[in-house]
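Hi,

Here is the model I promised to pass on.

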Amino acid sequence: MSEAPDFVHLRTRSHYSLLSAPVEIDGLVDAAAADGQKAIALTDNGNLFGAVEFYKACKGKSVKAVLGITAFVAGRTMQEASGADNPTHDLTLLATDNEGFDNLRRLTSQAWLQGFHYRPRMDLDAIARHKQGLVCLTGSIAGQIAQSIQQGDGLGAKNYAGKLLDIFGKENLFFEVAETGAEVQRKVTEGKKRLSQMLDIPCVATNDVHYLKPEDWLAQDIMLCIRNGKTVADQDRFRMSSRELFLKSRAQMAASFSGW
């Protein structure tokens, strides 16, 4: 059997994403190192609380640490409350150097102190002011582009991609795609692949990691119930669209994207 190709997880959560992920940072880094992954990113929800702990854990395992966040972005402005006319979507922001990490710190501080409404939000204007040293991935199925694709609004998806392109340029923008077995994810990934070809913007494979092992989906599901004040038996409660949001191995990611 041939050696699995290199792969770097660029969208992962830890327990610092409160009641969203049951993952300890040491366990996350240990699992990546055990699979021979040479680098891994930490992109907790709207915060950098685990950045130093993550960096030290990676250094101890000789794994390159990529520092980032899952950013909550206000549709219009973070100065106003979120709502139907100012929805919140996500983007993945990754620091490429010290200036980028400084800008992530500034953005997260503004999001908590100026933009908080249910979540710590930033907006595209703030991101544009602090874009140096950052790479942007276009977000999960909860991202603006993904939402437009789900609604059949191809023009809206293209226009938003154009806004991100104006901010980051082609060198620092990537369509974030995943293969998790969920029908909604398949539709979004196909739509992003078409936009990638149309706009000549590369795709990058992620897995929206929330837990380490396949069976850990249950622990995360219980966390979501606690967060939302629901019981496991509640048929109308929020559920994740997939049970494959674990830290897949290099071989598993290669198999997921074998058709690419």
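**Helix packing and salt bridges**

H1 passes H2 in a right-handed crossing (the near helix is turned clockwise from the far one by less than a right angle). This is a predicted model, where local features need pLDDT of at least 70 and side-chain atom pairs pLDDT 80 or more, while totals for chains, interfaces and linings use all residues. Numbering starts from 1 along each chain as its sequence is written, and side-chain values use heavy atoms, without hydrogens and water.

Back to the helices (DSSP runs of H or I, at least four residues; strands are E, at least two). The axes of H1 (residues 25-34) and H2 come within 9 Å and cross at roughly 35 degrees; they are lines fitted to C-alpha atoms over the stretch in contact, with angles from 0 to 180 degrees between N-to-C directions. Ile25, Asp26, Leu28 and Val29 in H1 meet Glu53, Phe54, Ala57 and Cys58 in H2 (contact: heavy atoms within 4.5 Å).

Now the salt bridges (a Lys or Arg side-chain nitrogen within 4 Å of an Asp or Glu carboxyl oxygen): the whole structure has 16. One of them pairs Arg11 with Asp208, with the closest N and O atoms 2.8 Å apart. That pair spans 197 residues, from the segment before H1 to the loop between S7 (203-205) and H8 (217-228). Both Arg11 and Asp208 are buried (under 20% relative accessible area, 1.4 Å probe, protein chains only; exposed is over 50%, partly exposed in between).

Asp35 and Arg250 form another, at 3.8 Å from N to O. Asp35 is partly exposed at 21%, whereas Arg250 is buried at 9%.

Cheers
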